[in-house]
Amino acid sequence: MRVLVIIYGLVSYFLFFGTLVYFLGFVGDFFVPKFISSSASMPPLQALFVNIGLLLLWGIQHSVMAREGFKDYISNIIPAHTERSTYVLLSTLILAFLMYHWQPIEGIVWQVQEPILQTGLWFLFALGWLLVIVSTFLTDHFDLFGLRQTWLHFVKKTYSPVSFTERFLYRWIRHPMMSGLFLAFWALPTMTLGHLVFSIGMSLYILIGLHFEEKGLVKSLGVPYEDYQKRTAKIIPKVY
């Protein structure tokens, strides 16, 4: 049984990262068969409602499953050592579902023609994804994606939560991963109407999700986290 648990953790982890690589191309409009700004095949208004539904599905799944109340509710169904891997697996399936059913909407919001500006935006796009990956290792990459939990169960060791530390980027911003996602979603030379819908939807989800995450962190960590909030910015250093 312990072998099945570690296999489950590994499968969830590698499926997620395979999907994440595809998602990078999907957001950047390159390399993958279908991306955000592919040719439109549906009337704009209908496509808009489909896309809003997909974004809501993504946001609800992430928000509900991340709440402690939901974790307590399913604790009798899903063992604690597989809860995070299950969250990762379901997030992967929802993300794949969103990309598969996404409906492009034609129309250009902006299109940068200047080569130097294009290069600068692509640099920010790449920097955003780099921030996302680096941020996972500044806390505990393997705990975040469920591998640590399944491994500890496999070797018969008791799980202990990862302690919070102010390392590197976390000394200035509390959510560098979300900073990276903002760059990835917005720093693009060409912004279509469909891509604008996607970027706005994902950005709203991030802001709403961070509001509830911060409330949860204050509740669990107390005064130390409140002091940390006063010393740092939420997403953008010196700004927000």
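Trainee: Which residues does tryptophan 102 contact, leaving aside its neighbours within four places in sequence?

Mentor: Look for partners that come from elsewhere in the chain. In this predicted model, tryptophan 102 is in contact with Phe26, Lys34, Ile36, Asn51, Leu54, Leu55, Gly194, Val197 and Phe198.

Trainee: Which residues touch the most other members of the largest nonpolar core?

Mentor: Trp102 is one of them, together with Phe23, Phe26, Val27, Leu98, Trp129 and Phe198; the core has 36 residues. Helices H1, H2, H4, H5, H8 and H9 each supply at least two residues of this core. The largest share, 7 residues, comes from H1. Another core, of 6 residues, lies apart from it and includes Leu131, Leu169, Tyr170 and Tyr228.

Trainee: At what angle do H2 and H4 pack?

Mentor: The angle is about 175 degrees, and the axes are 10 Å apart. Angles over 145 degrees count as roughly antiparallel, so H2 and H4 are roughly antiparallel to each other.

Trainee: Which residues make the contact between H2 and H4?

Mentor: H2 contributes residues including Leu54, Leu55, Trp58 and Met65, while those from H4 include Tyr87, Leu90, Ile94 and Leu98. By type, the residues of this contact divide into 13 nonpolar, 4 polar and 1 charged.

Terms used:
Residues numbered from 1 in each chain as written. Predicted model: local features only at pLDDT ≥ 70, side-chain atom pairs only at ≥ 80, totals over all residues. Heavy atoms only, no water. Core = buried A, V, L, I, M, F, W, Y, C linked by side-chain atoms within 4.5 Å. Buried < 20%, exposed > 50% of the residue type's maximum accessible area, 1.4 Å probe, protein only. Helix = DSSP H or I, 4+ residues; strand = E, 2+ residues; numbered from the N terminus. Contact = heavy atoms within 4.5 Å. Axes fitted to C-alpha atoms, helices over the stretch in contact; angles between N-to-C directions. Parallel < 35°, antiparallel > 145°, perpendicular 65-115°, else oblique. Nonpolar A, V, L, I, M, F, W, Y, C, P; charged D, E, K, R; others polar.
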